[in-house]
Amino acid sequence: MKKILVTAVALCFLAGVQAAFAQEKVHIETKVKEKGPGPNVKVKKEVTIGTVKEYEAGRKIKVVGPGDKTYTFDLDKNARVIGTVAPGKMATVEWVKDNHGKEQVTVITGSGSTKGAAEMAAPAPNETMASKSKTTVNQPGPDVKMKTETVIGTVKEFERGKKIKVTGPGGKDYTFDLDKGVGMKGKVAVGSRVKVEYTKTNDGSQHVTVVSLVSGRKTKKAA
């Protein structure tokens, strides 16, 4: 069980990091561990936002990121290209190494589009899930390190502005402290299925950022 407290300062910090992603060259490394139906999953992800140095469709792309470091990615036919990708233009490259060691660029987002893999990576709405990730953001100024955990499950207890208890995979209960600053999406109540997200940042503070309703069939409780 883990108790996490949200603060307004935390939300402002996260908003500032997201704004930096949209305007500056950034390199993000994330390691994700996920528990859910079937085998546990371990995934390594990288996101590089920078200026395209070289680009050969279906073969490779080089992007100049923060500190003028060049990141080179091999491409294949499965890499999704959104927007215009060309030397001299800004682009976002999203790369993943899956549970079996396979490495692949999943999305290249060029100029003229703000969509990326994050919008397509939502977990299935009809299952419980618990994931942990470690993220390092290389950007102008000090690097940012964050630990993020996400839980999808059934609400067991809920007191608005105080706490929420969610039953996740394997019947495990996750308890979170809440306050008025938590983003609440949908009508949260005992028995409903929700997604809870929380982070721990460089300074060691921990913050619940959002509690959102998840559609789909209700997951049965473990016997």
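Modeller: Here is a walk from the whole chain to the patch, and then to some charged pairs. This is a predicted model, in which local features need pLDDT of at least 70 and side-chain atom pairs count only at pLDDT 80 or more, while totals for chains, interfaces and linings use all residues. Residues are numbered from 1 along each chain as its sequence is written, and side-chain values use heavy atoms, with hydrogens and water left out.

Let's start with the whole chain. Its secondary structure comes to 1 helix and 14 strands; helices (H or I, at least four residues) and strands (E, at least two) are DSSP runs, numbered from the N terminus. Of the 223 residues, 39% are buried. Buried means under 20% relative accessible area, exposed means over 50%, and partly exposed is in between (1.4 Å probe, protein chains only). The accessible surface comes to about 12,500 Å², and carbon and sulfur atoms hold 51% of that surface. Such areas come from the Shrake-Rupley method with a 1.4 Å probe, and for residues only the protein chains shown count as cover.

Now for your patch. It is formed by K31, K33, K35, K42, K44, K97, K132, K134, K147, K172 and K200. Patches are made of residues with over 30% relative accessible area and no salt bridge, with like charges joined within 9 Å and nonpolar side chains (Val, Leu, Ile, Met, Phe, Trp, Tyr) within 5 Å. Lys and Arg count as positive and Asp and Glu as negative, while His and the chain ends are not counted. The place of a charge is taken as NZ of Lys, CZ of Arg, CG of Asp or CD of Glu.

Which strands build it? β1 (26-35), β2 (41-56) and β8 (129-138) each supply at least two residues, and β1 gives the largest share, 3 residues.

Leaving aside residues up to four places away in sequence, T30 touches V43, K44, K45, S133, K134 and T135, where contact means heavy atoms within 4.5 Å. Two of those partners, K44 and K134, are also patch members. The C-alpha atoms of T30 and K45 are 5.0 Å apart, although 15 residues separate the two along the chain.

Charges can also be paired. Side chains of opposite charge can pair when their charged atoms come close. The whole structure has 7 salt bridges, each being a side-chain nitrogen of Lys or Arg within 4 Å of a carboxyl oxygen of Asp or Glu. One of them joins K60 and E54 (3.6 Å, N to O), and E54, K60 and K62 are linked in a network. K60 counts as partly exposed because its relative accessibility is 25%, and E54 is partly exposed too, at 30%.

Another salt bridge pairs E157 with K163, with the closest N and O atoms 3.4 Å apart. E197 and K195 form one as well, at 3.2 Å between the closest N and O atoms.
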